[in-house]
Amino acid sequence: MSRTTSPPRRKRTVALAGSALFAATALTVSALSGTAAAQAEGSNAAAAKVDNPYSGAKVYVNPDWSAKAAAESGGSKISNQPTGIWLDRIAAINGTSGARGLRAQLDNALTQSGGSPMVVQLVVYDLPGRDCAALASNGELGPNDIDKYKTQFIDPIASILSESKYANSSLRIVTTIEIDSLPNLVTNTNGRPTATPQCDTMKNNGNYVKGVGYALNKLGAIGNVYNYVDAGHHGWIGWDDNFNATAQVIKQAATAEGSTVDKVAGIIVNTANYSALKENNYTINDNIAGKSVRESKWVDWNRYVDELSFAQAFRQELVNVGLPSNIGALIDTSRNGWGGTARPTGPGAQTTVDTYVNGGRYDRRIHIGNWCNQSGAGLGERPKAAPAAGIDAYVWMKPPGESDGSSSSIPNDEGKGFDRMCDPTYTGNPRNGNSMSGALANSPLSGHWFSAQFQELLKNAYPAL
């Protein structure tokens with residue numbers, strides 16, 4: 001499974017922003033079944049692409065994940081929620097032990113849909129040199145295996161999705177493309193304290209850009225496929241020196257290997273991460289004891305404090321650099337609720353800017369760079385279509401209960417390594433400000449079921465279950 005790596009705290013001398021956060025404009029979503037558009041989607045003929053695939057559609061419930069969730073104490077409260085299907089190695093296309101293959105999932109989705117529009121959420125995740133800034137979610141392909149990625153991974157997926165019974169159906173296939181890839185080329189390269197040799201290799205050989213471009217081109221050519229490119233999260237990309245640079249890299253990938261920007265339906269943020277959806281107890285414009293919130297240790301000169309404001313702003317930045325004006329954003333809310341007894345009920349004390357932010361923030365991580373099986377995390381907003389301006393949906397792309405990585409080294413044939421960020425005794429590195437990892441103990445390999453994490457997410461869910 002994926003994780004998201006953040007840069008460390010860094011001091012900035014840039015001028016403070018005077019602009020306000022983007023407002024979250026609530027949208028009322030009504031079912032479109034019964035309209036001519038919905039009836040056309042339910043026919044045997046492929047419908048024209050819609051602006052937001054989630055509007056007026058059901059979203060597929062993966063029976064593999066649902067069964068694991070339902071088997072847990074209290075799990076039946078959420079086992080009917082839609083989650084992402086992770087195609088994280090070549091073998092996953094045809095199915096592995098405990099997980100059905102792509103065709104079986106699509107066949108099941110056709111049955112679930114009953115001829116009405118239905119979104120199927122796929123995570124396309126097997127780039128060469130995958131996840132270059134972490135070991136827990138390394139993949140099976142080496143840095144130079146770009147041809148194998150194209151012919152043995154993307155081409156077979158595209159071939160299945162192109163089959164007439166899927167392509168000419170009521171299904172709307174949402175493909176989230178290569179989590180934790182393109183942002184790494186900005187934040188973890190070029191001599192930064194956060195740089196890794198693996199990320200420098202992937203920037204120099206161009207295979208992240210080529211791989212993403214190839215996937216966008218092949219999958220985006222299918223009429224009912226909607227590509228969403230991973231864009232990290234606010235605690236990774238929200239700084240001035242990362243924001244536009246990441247937008248430029250995404251545009252570069254969107255026009256690589258024969259792709260065009262029109263094959264991008266939008267972006268996804270916070271995938272497999274924990275950043276709060278909306279911090280209500282403080283804003284980026286607050287000043288406490290003569291200091292801006294941006295000067296606090298937690299915010300550390302970032303221009304964003306939560307995922308909603310970041311997603312809306314970054315979507316606009318992509319439009320500014322040349323992507324279509326109608327692109328949308330998905331926000332993964334599967335683990336960013338931060339409820340439970342530790343959830344603040346109001347702002348922190350105004351003694352200092354740090355007491356103010358730390359006392360009021362919902363995100364209770366030790367450091368925003370912590371990403372592995374976080375203690376205290378809870379389920380966030382339930383999946384929902386068109387919840388705010390520019391946001392196509394809140395999604396649970398990361399299935400709750402599936403581990404981010406093992407807390408100790410576990411031999412395996414999945415290409416997954418041991419990352420100390422998953423070890424609760426680890427004291428950190430520059431990517432998390434040399435802080436404790438905040439990880440839960442006794443975790444299994446990434447993607448494997450982690451009952452203790454699932455129970456933690458249920459206990460701390462916000463909104464509460």
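**Contacts, bridges and spaces**

Modeller: Start with S169: its side chain reaches the backbone nitrogen of L171 at 3.1 Å. Bear in mind that this is a predicted model.

Colleague: Noted. Where is S169 in the fold?

Modeller: S169 is in the loop between α6 (164-167) and β6 (171-177).

Colleague: And is S169 buried or exposed?

Modeller: Buried. S169 has a relative accessible area of 7%, and the cut-off for buried is under 20%.

Colleague: Switching topic. How many disulfides does a search of the whole structure find?

Modeller: Two. One joins C132 to C199, with S to S at 2.0 Å. The other joins C372 to C422, with S to S at 2.1 Å.

Colleague: What's the pairing, in sequence order?

Modeller: Number the bonded cysteines along the chain and the pairing reads 1-2, 3-4.

Colleague: Take C132 and C199. What is the angle about the S-S bond?

Modeller: It is 95 degrees, and the link of C132 and C199 is right-handed. C132 lies in the loop between β5 (118-124) and α5 (146-162), while C199 lies in helix α8 (residues 197-205), so the pair ties together parts that are 67 residues apart in sequence.

Colleague: How buried are those two? C132 first.

Modeller: C132 is buried, at 4% relative accessible area. C199 is buried too, at 0%.

Colleague: And the handedness of the C372 and C422 link, left or right?

Modeller: Right-handed, with 100 degrees about the S-S bond. C372 is in the loop between α13 and β12, and C422 is in the loop between β13 (391-395) and α14, so this pair ties together parts that are 50 residues apart in sequence.

Colleague: What about burial for C372?

Modeller: C372 has a relative accessible area of 0%, so buried. C422 counts as buried as well, at 0% relative accessibility.

Colleague: Next, N373. Which loop is that in?

Modeller: N373 is in the loop between α13 (353-360) and β12 (384-388). N373 counts as buried because its relative accessibility is 0%.

Colleague: Which side chain does the side chain of N373 make a polar contact with?

Modeller: That of S443, at 3.5 Å.

Colleague: What else is N373 in contact with, leaving aside neighbours within four places in sequence?

Modeller: The list is Y274, S403, D404, G405, G438, A439, L440, S443, F450 and Q453.

Colleague: Tell me about α2, then. Which of its residues are buried?

Modeller: D64, W65, S66 and A69 are the buried residues of α2. They pack against β4, α4 (102-113) and α14 (451-459).

Colleague: What caps the N-terminal end of α2?

Modeller: N62 does. A side-chain oxygen of N62 lies 3.0 Å from the backbone nitrogen of D64.

Colleague: How many cavities of 30 Å³ or more?

Modeller: Two. The largest cavity has a volume of about 50 Å³.

Colleague: What lines the largest cavity?

Modeller: H234, G235, W239, Y282, W298, V299, N302, Y304, V305 and I368. By class, that lining has seven nonpolar, three polar and no charged residues.

Colleague: Last one: P344. Where is P344 found?

Modeller: In the loop between β11 (328-332) and α13. P344 counts as buried, at 13% relative accessibility.

Colleague: How far apart are the C-alpha atoms of P344 and R364?

Modeller: They are separated by 9.5 Å, with the two residues 20 apart along the chain. Beyond its neighbours within four places in sequence, P344 is in contact with N281, G359, G360, R361, Y362 and R364.

Colleague: Thanks, that covers my list.

Note on methods. Residues numbered from 1 in each chain as written. Predicted model: local features only at pLDDT ≥ 70, side-chain atom pairs only at ≥ 80, totals over all residues. Heavy atoms only, no water. Helix = DSSP H or I, 4+ residues; strand = E, 2+ residues; numbered from the N terminus. Buried < 20%, exposed > 50% of the residue type's maximum accessible area, 1.4 Å probe, protein only. Polar contact = N/O pair within 3.5 Å; in protein donor to acceptor, adjacent residues only side chain to side chain. Contact = heavy atoms within 4.5 Å. Disulfide = S-S within 2.5 Å. 1 Å grid on protein atoms, 1.4 Å probe; cavity = no way out; pocket = protein on both sides within 12 Å on 5 of 7 lines; lining within 4 Å. Points joined across faces, edges and corners; volume = space filled by probe spheres on them. Nonpolar A, V, L, I, M, F, W, Y, C, P; charged D, E, K, R; others polar.
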